[in-house]
Amino acid sequence: MRKRTMAVTLASVMLGGLVAGCSGKGGAQDAKGAGAGSQKPITFTWLVYDRPEGKVKTDWEIFKQIEAKTGVKIDWQVVSQEGFTEKRQIMIATNSVTDIIQPSNQEARENGPEKVFLNLKDYLNKAPNLKKFFETYPEAKAVATGADGGIYDVPVLEGDKAGKGFNYIWMVRKDLMDKYNLKPPTNTEEFYQFLKALKQQQPDTFPLSVNTPATGDVGLYTVFGKMFTGITGFFNQSPNGEKWEFAPYNSGYKDALVYMNKLYSEKLLDPEFYLLTGAQWEERFLKGKSSVTVLVESGSEPADGQSEEGRRGCGFQPGRHSRVRRKRHQELPVLAGARRQLRPRHFGQSEGQGQSRPISGLPCQRRRHQLFVARH
Amino acid sequence: MKTRGSFGSKLFDAVNIGLMIVLIVVMTYPLIYVFSASISDNAMVMSGQVVLWPRSVTLVAYERLLSNPDVWISYWNTIRYTAVHTLLTLIVTSAMAYPLAKKWLPGRKTILLMAAFTLLFSGGMIPTFLIVQNLGLLNTIWAIVLPSLVSTWHLFIMRTFFEALPEELEDAATIDGCSSLQVLIRIVLPLSLPVLVSIGLFTAVNQWNSFFDALIYLNERSMYPLQIMVRNIIIASSNVQGEGNTAYIETLKYAMITIATVPILCVYPFVQKYFVQGAMIGGIKG
């Protein structure tokens, strides 16, 4: 009989609870197979990927801890990062998934009823933590529920109060800031002046260039729309209320468009921002054609690492404001904790027109290119 | 014979030579660049200062790769897969092509038609995967070797070649007491060296460069061929997320490419003469 897989999308917070769930299942199987009271170690397979800068090593402490705390051995099936999605899709399509795997919520919902994944609903009584999680966060239950009503994965809830967190950061060439004696901008007007100053110093450059789709999580419309309306994305909770709002209906959105148009027409924004490939974007910076950008935040430390919020990692912010979002990158569960939400930095609410609004960023030093975040 | 060419023919020569030089440059530049970049300093490569010759020569990328046991394991796997695959392909393809070259073979048309059918249609990835899985081949060398063992295209080239061999040779061998198998091994195959070498080379290069089968059929790192590693380093590292030391990552790519390419590059010159011959013969007679 084929072992069905427990599909989990893990947050570090959930690790203990989840693996407990697994061992419950394994225990049942074991009892059936080898007789009750057998201490034969159970082995589960788990699909993970190597990252190019460091491969998965089986002697990592967390793996030992999992084994020690649960009595379950994990057989790590390691694929390379860029092949991970393909491998997973094939595994799902051929029903040969590993015992534990991290699918997208959609994959879990669609393939769960096909018996690729285990219906967690049947096991919730054995996993009180998981049960509580689904009860506390109905939106988690919603994204994990398949067409037949079964629950097929444990989603990660990313987000924070009213979607006010940021998963992007502004970066700027610090050497240029020092050279031209520029102060980090704190609001949109200053940001405009900042770009303008850069442009004046280097007329043949486009100070702001981005390498993201125009819309989407960190798209330019999202970033600027949020600056002026406080609403993340096109449809989200308004910053000051319980209401869900369509961002373009917000009065600030026009300002955002006007502002973007101003940057665009003064060539402060790269005229090709819509078309740039990753390599072209990188070239812009390497050749000094651009100096300011906005990037997906993924590895930075939380500003308030010690606070309640920081310790909660990328999960489970209180109730009604939580946003459920698919993870952009499937992460190693071990690394999942590193993907913390940035501390919410409130944009000024959309008040009067013409008033400057603070822009946000977070101090964080990034890899190469001498790019540094503008510090406040 | 000495001929004084007309102006037209001199012009032709000049243009021809010029064109060839351009072609040579276009072909060799990337090779040289990759090699130069692999032994240059990372910062130089990143900032685009390496154009043709290496700058600030350092072997740190190679040190990093060669001290990584995974590279050697992958290397061994690739060599293993390539050698076994090529050998079996040649045996199986010639064993199938030889009878098909005989006009008197009953059902020859049907078999050829069925073979040709696979040129146009295939089962698709998932069904193939399911077959491989149900045969219990997953995570073994056979998952890599068996599904792509016979290429119909190569089969047809080889069959055409065999058909062109004079039948009298085989008759003579038969009269001297050879069985069919002996005729194939002692007479036909030695005479077919060009086609065998070129098909062997095609297969070997293909297998050397392939990653997809390995990606879907293999589950353990210790089984992965070199190309998986190359792909990981080249594609995934363009998107490194910032953890760890990435100060060598650009040169690492080029060093990896060099390491993965050099062996197969070395094979080419030695089989060049067969290669040209073999590739042509299939074409003309087909």
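Buried here means under 20% relative accessible area, exposed means over 50%, and partly exposed is what falls in between (1.4 Å probe, protein chains only). The model is a predicted one, so local features need pLDDT of at least 70 and side-chain atom pairs count only at pLDDT 80 or more, while totals for chains, interfaces and linings use all residues. Residues are numbered from 1 along each chain as its sequence is written, chains are lettered from A in the order in which they are written, and side-chain values use heavy atoms, with hydrogens and water left out.

At 52% relative accessibility, A:Phe235 therefore lands in the exposed class. A:Phe235 sits in strand 6 (residues 235-237) of chain A, strands being DSSP runs of E with at least two residues and helices runs of H or I with at least four, numbered from the N terminus.

On to the charged pairs. Counting a salt bridge whenever a side-chain nitrogen of Lys or Arg is within 4 Å of a carboxyl oxygen of Asp or Glu, the tally over all chains is twelve. One of them pairs B:Arg221 with A:Asp50, with 2.9 Å between the closest N and O atoms. This pair crosses between chains, running from the loop between helix 12 (212-217) and helix 13 (226-235) of chain B to strand 2 (residues 42-50) of chain A. B:Arg221 is partly exposed at 23%, whereas A:Asp50 is buried at 8%.

Within chain B, B:Glu163 and B:Arg108 form a salt bridge at 2.6 Å, N to O. It ties helix 8 (residues 152-164) to helix 5 (residues 108-120), with the partners 55 residues apart.
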